[in-house]
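Try each task before you read its solution.

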Amino acid sequence: MSGCILGIASRTEWPEGAKKLLKLFDWENYFTYKEIYPGKKTTHFKSMQEASGISYSDMLFFDDEPRNIFDLKPIGVTSILVPDGVNREIIEEALRNFKTS
């Protein structure tokens with residue numbers, strides 16, 4: 001995933017806990033953009049788009065909730081439903097397909 005900029009968008013009701021988990025697993029430095037608070041994914045992505053200048057069409061999103069996929073498709077974010085979580089194989093396949101679309 002060299003050259004990718006990572007962001008995290010979580011609609012959690014417990015932002016402090018989510019941030020503690022990022023720190024606990026030493027993941028906070030992997031994510032350039034962190035939108036962790038209650039609200040719709042469109043709000044999270046609008047903030048990331050404005051902060052980064054990256055167009056929605058250049059964003060790839062993974063989520064385990066269909067409602068989040070449904071919310072983001074109309075604005076042009078490529079959204080992939082992963083009901084059982086994300087792994088390397090899913091990410092590699094998504095990146096291959098994303099490059100060719």
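**Exercise 1. Find the bridge partner of Asp63 in E4.**

Solution. Keep in mind that you're looking at a predicted model.
- Step 1: Locate Asp63, which sits in strand E3, residues 60-63.
- Step 2: Look across to strand E4, residues 78-81; four bridges join E3 to E4, and the two run parallel.
- Step 3: Read off the partner of Asp63 in E4, which is Leu81.

**Exercise 2. Decide whether Asp63 is buried or exposed, and say which face of E3 holds Asp63.**

Solution. 
- Step 1: Check the relative accessible area of Asp63, which is 9%.
- Step 2: Buried means under 20%, so Asp63 counts as buried.
- Step 3: Now sort the residues of E3: Phe61 and Asp63 make up the covered face, while Leu60 and Phe62 make up the uncovered one.

**Exercise 3. List what Asp63 touches, leaving aside neighbours within four places in sequence.**

Solution. 
- Step 1: Pick out the contacts of Asp63 beyond those neighbours: Lys41, Asn68, Ile69, Ile80, Leu81 and Val82.
- Step 2: Then turn to the side chain of Asp63, which reaches the backbone nitrogen of Glu65 at 2.7 Å.

**Exercise 4. Work out which side chain Arg11 meets in a polar contact.**

Solution. 
- Step 1: Find Arg11 in the loop between strand E1 (7-10) and H1.
- Step 2: Check its cover: Arg11 has 18% relative accessibility, so it counts as buried.
- Step 3: Go through the contacts of Arg11, again skipping neighbours within four places in sequence; among them are Tyr37, His44, Asn68 and Asp71.
- Step 4: Pick the polar contact: the side chain of Arg11 meets the side chain of Asn68 at 2.3 Å.
- Step 5: Link this to Exercise 3, where Asn68 was also on the contact list of Asp63.

**Exercise 5. Name the residues of the nonpolar surface patch, then classify Trp27 and Tyr30.**

Solution. 
- Step 1: The patch is formed by Leu21, Leu24, Phe25, Trp27 and Tyr30, with about 600 Å² of accessible area together.
- Step 2: Trp27 has a relative accessible area of 43%, so call it partly exposed.
- Step 3: Tyr30 comes out at 54%, so call it exposed.

Methods. Residues are numbered from 1 along each chain as its sequence is written. This is a predicted model: local features need pLDDT of at least 70, side-chain atom pairs count only at pLDDT 80 or more; totals for chains, interfaces and linings use all residues. Side-chain values use heavy atoms; hydrogens and water are left out. Patches are made of residues with over 30% relative accessible area and no salt bridge: like charges are joined within 9 Å, nonpolar side chains (Val, Leu, Ile, Met, Phe, Trp, Tyr) within 5 Å. Accessible areas come from the Shrake-Rupley method with a 1.4 Å probe; for residues, only the protein chains shown count as cover. A salt bridge is a side-chain nitrogen of Lys or Arg within 4 Å of a carboxyl oxygen of Asp or Glu. Buried means under 20% relative accessible area, exposed over 50%, partly exposed in between (1.4 Å probe, protein chains only). A polar contact is a pair of N or O atoms within 3.5 Å; within protein, one must be able to donate a hydrogen and the other to accept it, and residues adjacent in sequence count only if both atoms are side-chain atoms. Contact means heavy atoms within 4.5 Å. Two strands pair if DSSP finds at least two bridges between them.
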